[in-house]
Amino acid sequence: MKKTIVSTFFLVTAYVVTAQSNLKMDFEKYDPPSTLVVPKHKITKAKFPFIDIHNHQSNMSPQKLNELVREMDKLNMKVIINLSGQNGEKLKQSVANVKVAAPGRLIVFANIDFKGIGEDGWTKKAVQQLEDDVKNGANGLKIFKSLGFSVKDNAGQRVRVDDTRLDPIWQKCGQLKIPVLIHTADPKSFWDSLNESNERWLELATHEGRRRGPNNPVPFEDLISEQHRMFRKHPKTTFINAHFGWYANDLAKLSSLLDAMPHVFVEFGAVIAELGRQPRAAKQFFTKYQDRILFGKDSWVPDEYATYFRVLETEDEYFPYHKRYHAFWKMYGMGLPDNILKKVYYKNALRIVPNIDKSQFHN
Ligand SMILES: [Zn+2]
């Protein structure tokens, strides 16, 4: 009898061990539908009309603008801030097309052409171009992450975000009362080792080019410090730090930055999953900084806005983000009250971006 029990034990153990080795599964594949039954809200249209402060539209032809407006209406999106406005003739043409095909629905930000920085007269020329662009209908300036990463001067040196040759540009934006939306660096994890401890492992595994390192081009902390130094040097200019300044995963740190720099705003493009995994802390943050947060998304994929609305508006629990390589975790809604939602959706943007048609927004 005893012998049978022992041999059965060995048989069962052997079976479990074999079964386990057959059951190895890819991290990417393991994504079981949740069995949790809780209220679900699929919100395809924002509760209030909204402005997307972080959007990119490369095709600004009248025909494309017509299509765009139809998509925007479905989302209750009244105004797109197109950060890819470029400059000169291209910008002028885009503004003219908006007037004809989508009046009041798009606002265009200008971009700086960094080519030739370091040459005699470059700064003066860049400031003049910006002034012309604003005269031609630009209502803000967008700085891409290439500044800090890849922009080089005429001597082949990396141009730092706080390079003094750019100071007159930031000053001019203050004088013209236009905001500067700036994206600096990337998530800190892009600099970290690519192993099982890296939360962005999947993104880096599938997007090889996003990997960074201490010499590629400099450490994360260096870029962020350059940006903050530049902010502090220009307190009369309004800055919008894109992607929550890459501190959506450390709201205490972001709080201290916002407290120290009252002229800086933030938008949550591409980092809503960070907020959705800490709904209580995020709600406190939104309550405290309700006048400094703007709605931004970045990539134009209309279906994905539902995720943003759900995190902001609902108290739904344990729901997925739309891109597994940004977030493999589940999220929770913050359930923001109407007065805060309205500020985030449009009131704050109306305050700092000139020339938005206010008649499209109620109180
Ligand atoms: Zn962007």
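Is H54 buried or exposed? With a relative accessibility of 1%, H54 counts as buried, where buried means under 20% relative accessible area, exposed over 50% and partly exposed in between (1.4 Å probe, protein chains only). Here are some close-up views to go with the structure above.

The model is predicted, so local features need pLDDT of at least 70 and side-chain atom pairs count only at pLDDT 80 or more, while totals for chains, interfaces and linings use all residues. Residues are numbered from 1 along each chain as its sequence is written, and side-chain values use heavy atoms, with hydrogens and water left out.

**View 1. The protein chain as a whole.** The chain has 13 helices and 10 strands; helices (H or I, at least four residues) and strands (E, at least two) are DSSP runs, numbered from the N terminus. Along the principal axes, the C-alpha atoms fill a box of roughly 95 × 50 × 40 Å. Of the 363 residues in the chain, 50% are buried. Among contacts (heavy atoms within 4.5 Å) between residues at least 6 apart in sequence, 77% join residues at least 24 apart.

**View 2. The zinc ion and its donors.** H54 (NE2), H56 (NE2) and D298 (OD) coordinate the zinc ion at 2.0 to 2.4 Å. Donors are N, O and S atoms within 2.8 Å of the metal (3.2 Å for Na, K and Ca), and water is not among the atoms, so sites may look incomplete. Along the chain, the donors follow the spacing H-x1-H-x241-D. H54 lies in strand 1 and D298 in the loop between strand 8 and helix 12 (305–313), so this pair ties together parts that are 244 residues apart in sequence. While you are looking at D298, note its backbone: phi is near 95 degrees, a positive value in a residue other than glycine.

View 3. Eight strands form an open sheet with parallel pairing, in the order 1-2-3-4-5-6-7-8. Strand 1 (50–55) and strand 8 (293–294) stand at the edges with a single partner strand each, so one side of each is left without a neighbour in the sheet. Two strands pair if DSSP finds at least two bridges between them. For a closer look, take strand 3 (residues 106–111) and strand 4 (residues 138–143), which pair in the parallel sense over three bridges. Here V108 stands opposite A138 in strand 4.

**View 4. Helix 4 packed with helix 6.** Helix 4 (residues 122–135) and helix 6 (residues 167–176) pack at an angle of about 25 degrees, with their axes 9 Å apart. Axes are lines fitted to C-alpha atoms, for helices over the stretch in contact, and angles run from 0 to 180 degrees between N-to-C directions. On the helix 4 side, the contact is made by W122, T123, A126, V127, L130, E131 and V134, and on the helix 6 side by P168, I169, K172, C173 and L176.

**View 5. The surroundings of helix 6.** D167, I169, W170, K172, C173 and G174 are the buried residues of helix 6. They pack against helix 4, strand 4, helix 5 (146–149), strand 5 (180–182), helix 8 and strand 6. Helix 6 is followed by K177, with a positive phi near 60 degrees.

**View 6. Two backbone details in loops.** N216 and P217 are joined by a cis peptide bond, with omega about -10 degrees. P217 is found in the loop between helix 7 (201–206) and helix 8 (220–233). H243 belongs to the loop between strand 6 (239–241) and helix 9 (251–260). Its phi is near 55 degrees, a positive value in a residue other than glycine. H243 is buried, with a relative accessible area of 1%.

View 7. Q278 sits in the loop between helix 10 (272–276) and helix 11 (279–288). Leaving out residues up to four places away in sequence, Q278 touches A248, N249 and L251. The C-alpha atoms of Q278 and Y332 are separated by 7.5 Å, although these residues are 54 apart along the chain. K330 lies in strand 10 (residues 330–331) and counts as buried at 18% relative accessibility. With residues up to four places away in sequence again not counted, K330 touches D31, G276, R277, Y318, F319 and P320.
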